[in-house]
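Colleague: Could you take me through the salt bridges in this model, please? I would like a close look at which side chains pair up and where they sit.

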Amino acid sequence: MADVNTASAAFLATIPSPDQGVWHIGPVPIRAYALCIIAGIIVAIWLGERRWVNRGGTKGTVIDVAVFAVPFGLVGGRLYHVITDNQLYFGEGKNPLNALKIWDGGLGIWGAIALGAVGALIACRRRGIPLPAMADALAPGIVIAQAIGRLGNYFNQELYGAHTDLPWGLEIYQRYNPTNPDDFLNGIAIGHVPLPDSPVHPTFLYELIWNLGVALLVIWADKKFRLGHGRVFALYVAGYTSGRFWIEMMRTDTANHILGLRVNVWTSILLFAAAIAYFVLAAKRGPREAPETLWSKDVPREDADSASASADSGESHAEVAAAPDTVRDSAADKATEDPKPDAEK
């Protein structure tokens with residue numbers, strides 16, 4: 001009886017995994033992974049829009065940028081995953097068409113950011129606004145979206161570490177799919193039969209918590225030092241990669257290696273160095289961008305200033321500062337004297 005009680009206590013001290021990550025409404029599969037990705041995108045756009053307006057940008061611009069950046073980012077994230085884990089899709093006995101099944105999981109944040117930036121650049125040029133300023137507004141929302149996305153890994157029972165006896169160890173179960181015994185992702189845990197290494201380090205949870213910490217750091221630093229010219233985004237990249245480095249070292253899932261280290265570890269090292277270098281060099285560009293430089297070229301200055309002032313009047317966000325309001329007032333006076341839109345000057 002003592003052994004049973006000890007075992008029960010040990011089990012209760014761990015984190016259980018969900019029984020499944022996919023539900024069906026008729027023939028339509030509802031995937032937790034996809035829902036988490038969508039929720040993260042919505043939060044990133046919402047927070048990015050608030051921050052953009054607070055910095056003096058025109059309302060609605062972030063949504064316009066997202067129309068380009070989100071699809072580009074999804075394609076880029078999938079491409080990075082397929083390239084770095086190509087053995088999962090190509091070779092003897094593999095089906096290359098599975099590389100298109102993004103709903104089965106597998107997105108590389110590096111590719112998502114890289115190609116997403118291309119989409120954002122296209123949108124920013126169409127609007128006539130600087131990409132670095134937009135990246136600064138979006139940075140905290142992006143890392144929060146990454147945190148939300150890691151919940152999808154929890155439902156998929158993936159991206160975990162080695163066995164652990166720590167109280168927050170994650171229980172992982174065998175899942176069964178009667179229509180395809182090899183398809184564990186779409187299976188259901190019956191009887192909560194643990195896998196051999198269970199419980200394991202919940203590395204997805206470590207990254208989730210780390211990402212939220214990075215978001216707070218970025219927002220605090222931006223408010224205190226009034227960062228601009230892409231330095232907020234660089235701080236996000238440096239903060240994220242410094243955490244991804246040690247978390248990646250804990251993971252036990254299959255991955256390609258270079259010189260004994262996982263590919264994502266090398267990517268983290270290189271991007272961390274690049275972000276720090278950019279953060280230092282961009283400081284030479286001077287203070288944060290003036291609010292009038294963030295107005296979309298297709299919006300008259302009077303309308304842009306009115307929209308920004310309206311948003312600020314009902315905004316209790318801590319990032320709103322007096323300096324941008326002063327600049328807006330000055331610019332508004334100028335616009336009254338010459339109401340001609342920028343695009344026509």
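**Salt bridges, pair by pair**

Modeller: Happy to! Let's start with Glu248 and Arg244, whose side chains meet in a salt bridge, 2.7 Å from N to O. A salt bridge here is a side-chain nitrogen of Lys or Arg within 4 Å of a carboxyl oxygen of Asp or Glu. Both residues belong to helix α7 (residues 231-250), four residues apart, about one turn of the helix. Helices are DSSP runs (H or I, at least four residues), numbered from the N terminus. Glu248 is buried at 1% relative accessible area, and Arg244 is buried too, at 6%. Buried means under 20% relative accessible area, exposed over 50%, and partly exposed in between, using a 1.4 Å probe and protein chains only.

A word on the ground rules: this is a predicted model, where local features need pLDDT of at least 70 and side-chain atom pairs count only at pLDDT 80 or more, while totals for chains, interfaces and linings use all residues. Residues are numbered from 1 along each chain as its sequence is written, and side-chain values use heavy atoms, with hydrogens and water left out.

Next come Asp253 and Arg251, which form a salt bridge with their closest N and O atoms 2.9 Å apart. Asp253 is partly exposed at 25% relative accessibility, whereas Arg251 is buried at 11%.

Asp222 and Arg288 form another salt bridge, with 2.8 Å between the closest N and O atoms. This pair links distant parts of the chain: Asp222 lies in helix α6 (residues 203-225) and Arg288 in the loop between α8 (263-282) and α9 (301-313), 66 residues apart. Asp222 is buried, at 2% relative accessibility, and Arg288 is buried as well, at 16%. Both also belong to a network of salt bridges that links Arg51, Arg55, Asp136, Asp222 and Arg288. Across the whole structure, a search finds eleven salt bridges.

Since Asp222 sits in α6, here is that helix's partner. Helix α5 (residues 131-156) packs against α6 at an angle of about 170 degrees, with the axes 8 Å apart; axes are lines fitted to C-alpha atoms over the stretch in contact, and angles run from 0 to 180 degrees between N-to-C directions. That makes α5 roughly antiparallel to α6, a label for angles over 145 degrees.

Notes
Helix = DSSP H or I, 4+ residues; strand = E, 2+ residues; numbered from the N terminus. Parallel < 35°, antiparallel > 145°, perpendicular 65-115°, else oblique.
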